[in-house]
Amino acid sequence: MEGRCGEGSHTQSPSCAAVRSRKPCMDTVKHREKASSTKTEPRRAPRPSSSDTRGLNGTSTEKRLRYSDCDYTPLCPLLSVAALSLCTRFYRITEPPHVCWDETHFGKMGSYYINRTFFFDVHPPLGKMLIGLAGYLTGYDGTFPFIKPGDKYEHHNYWGMRGFCAVLGSCLPPFAFLVVLELSHSTPAALITASLLIFDTGYITLSQYILLDPILMFFIMGAVLSMVKFNRQRLRPFSWSWWLWLLLTGVNLSGSLGVKFVGLFNILLVGINTAWDLWRLLGDLHLSLVDFMKHLIARIFGLIMLPLFLYTTIFAVHFVILNRSGPGDGFFSSAFQSRLIGNNLHNATMPEYLAYGSIITLKNLRIAGGYLHSHWHLYPEGVGAHQQQVTAYLHKDYNNLWLVKRPNSDDFTWNPELIRHGDIIRLEHKETTRNLHSHLHEAPLTKKHLQVTGYGINGTGDPNDLWQVEVCGGKKGDPVKVLRSKVRLLHRSTGCVLYSSGKTLPKWGWEQVEVTCSPYLKETPNSQWNIEDHINPKLPNISLHVLKPSFLEILLESHIVMIRGNSGLKPKDNEINSKPWHWPINYQGLRFSGVNETEYRVYLLGNPVIWWLNLFSLGLFVVMVSLCCVALQRGAKLGGTRKAHCQVLMEGGGLLFLGWLLHYLPFYTMGRILYYHHYFPAMLFSSMLTGLTLDTFLQNADLLFSPAVSKYILRGGQIVLLVGILHSFYLFHPLSYGMNGPLAHDPTSSMAGLRWLDSWEF
């Protein structure tokens, strides 16, 4: 069989048999043959030589040989992989010279960092910070508006941000090559994996634009590579290389989580691997409990404390840079906003107590609950009463202003009278002069609640416009303090409480947040409000500087806002919501640029040959592992080579299969809108598993055929794989590098005949 560690060797180690067609072990075997009559000096302190004896973390002598003697990285294949990866990612990197897909979001956020303007996003800040840094270092000045896809970049320097993402995307194939090499000790398996990623049109497309995905996957693969490298250091505990790979794993974990919360899946994978490693260490009777505690403390430091510190540091830098008021202010509390330069609350002064005649804004205390808001638009027919809409709006706006009036008088010529706990008020919308109103019609979305509207003309209305002020935790006579008092507004006629449901209204409600009157009077943030802006020239002002929150407070608030923002991402009207079962079968892609034949078109779709090969290999892996488990359980006599193959499948393949499951299955439980590109981190693990599985399958062709025939099957299978990958890339590469002219359904199109599924839209 191909790939034995040496010919004529009188002692063939099972570990070297596992190597299969690997050059690294040739030198080891030759050295052993040369020194067969001489005692070889061990690499580290000797242990009893029995195969049952365990090493420093529970590995047998057989494993010790495999993990130490065969430590080799083939440089020529690795450099070839890196060169091909760079070429495929940087080819036509500046095309098209206009905004594509989510560049409108992440390019704009990079500009915000350059301009130090605060914004809100549902993802942690590291990816956007790095994009902004790349743009700044390459001469981009942060002035391009990134309004919508298709906008021309013109003279603006955008290539630096695209190039940065392409560099990180180019690292994925080399990282995958090294991971599979570590797990399988097979250069062909590593090359198969690298080829799948190099020539996949989906990864090329994601790597060529200003997106978070290549940054996220860089850190995910960096963490996996560091983890498997650290596992190789089992016999060198607390050496410099042991510490290096442990700390690099922690650094990459913080990086992946700092880009997107998907990094939590990667943390879970590393956590499971670490727990299993510690469990094996605990079973090593040669290891004292003191030494075990050293291992435990080192992992706590490297994989928990260090990532947590770095992750927190990312947010500290984020808050220091974004110190100017911007479009994200309204998502955060009034106290949070008071730290932003240019915000009306920054170093502001305003009256401390609320009084009749004051003009105010009311902000809901639910995170991202929004400001009480109204506008000229009416509720549509069939949605409660056909009256003026009242909503919660997440941004500062003139339509958020309300005038506080007495229940039966509009006369403000008297001395200002403070509003206290239990007082009755009317709230008149400043722009439309209609009163805040509720009645016995059901709310538009929360059917058990009552509708809230704007009613009346020039401030005149009816008794359904009256609200009683309640200071949470207060007693009758307590004044209402600006920013600091939590206030509830109880409707006098129905007894319900003003409430922000957090639900997004349809397009007729401008996708703003629903405001209702809730019959459930329990105190919750949804029913609590604070007075943020306060204008009353008859009252003395105080400084708001004392309200600035601490770092830990704004860190906690940021995460609450991000998590709720993520969960609130629902499909819009007529928007296609991709399903997780669509992804492994490559059912439908995403339009990155252009729609019709007159436009430059880029379509995000994985190379179908590669994706369907990965899907087939997942099933093949399950079958092969099942056969290995049955054979070992039944005590089948397997040679050293066959045992090593089983070990590679169960340990290395099992780790990759677990990584695929952890990065894929959680999407079935998510209620938010999902997109095709969410599968690409899981696809990394699937591609690595394909390389390992197919190589092991071909290496074991001698189970069914003679050694001579199996040799040709091995080489022939490798050639067929390579030719198939290259030819499919040749056919589908226009998806990544751009298409012009007729669409695929037209016989004259360059993509004619390649629309294999009707759901593909190119």
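Which residues make the nonpolar surface patch of about 520 Å²? In this predicted model, the patch is formed by Trp276, Trp279, Leu282 and Leu289. Helix H13, residues 263-282, is its main contributor, with 3 residues. Leu282 is part of helix H13. Its relative accessibility is 41%, so Leu282 counts as partly exposed. That value falls between the 20% limit for buried and the 50% limit for exposed.

The largest nonpolar core holds 141 residues. Inside this core, Val179 and Phe762 have the most contacts. Helix H11, residues 213-231, supplies the largest share, 13 residues. A second core stands separate and has 34 residues, including Met350, Ala392, Val404 and Ile425.

Setting aside neighbours within four places in sequence, Phe762 touches Leu605, Leu735, Met739, Leu743, Ala744, Met751 and Leu754, among others. Its contacts also include Arg601, Tyr603 and Arg755.

Helix H9 covers residues 187-198. At 1.5 Å a residue, its 12 residues should span 16 Å, and the end C-alpha atoms are 16 Å apart, so the two agree. H9 is mostly covered, with 11 of its 12 residues buried. Among them are Thr187, Pro188, Ile192, Leu196, Leu197 and Ile198. What do the buried residues of H9 pack against? Their partners are helices H4 (75-90), H8 (172-184), H10 (201-207), H17 (608-633), H19 (680-699) and H20 (707-732).

Note on methods: Residues numbered from 1 in each chain as written. Predicted model: local features only at pLDDT ≥ 70, side-chain atom pairs only at ≥ 80, totals over all residues. Heavy atoms only, no water. Core = buried A, V, L, I, M, F, W, Y, C linked by side-chain atoms within 4.5 Å. Buried < 20%, exposed > 50% of the residue type's maximum accessible area, 1.4 Å probe, protein only. Helix = DSSP H or I, 4+ residues; strand = E, 2+ residues; numbered from the N terminus. Contact = heavy atoms within 4.5 Å. Expected span 1.5 Å × (residues − 1). Patch = residues over 30% accessible without salt bridge, like charges linked within 9 Å, V, L, I, M, F, W, Y side chains within 5 Å. Areas by Shrake-Rupley, 256 points an atom, 1.4 Å probe, with all protein chains shown as cover. Salt bridge = Lys/Arg side-chain N within 4 Å of Asp/Glu carboxyl O.
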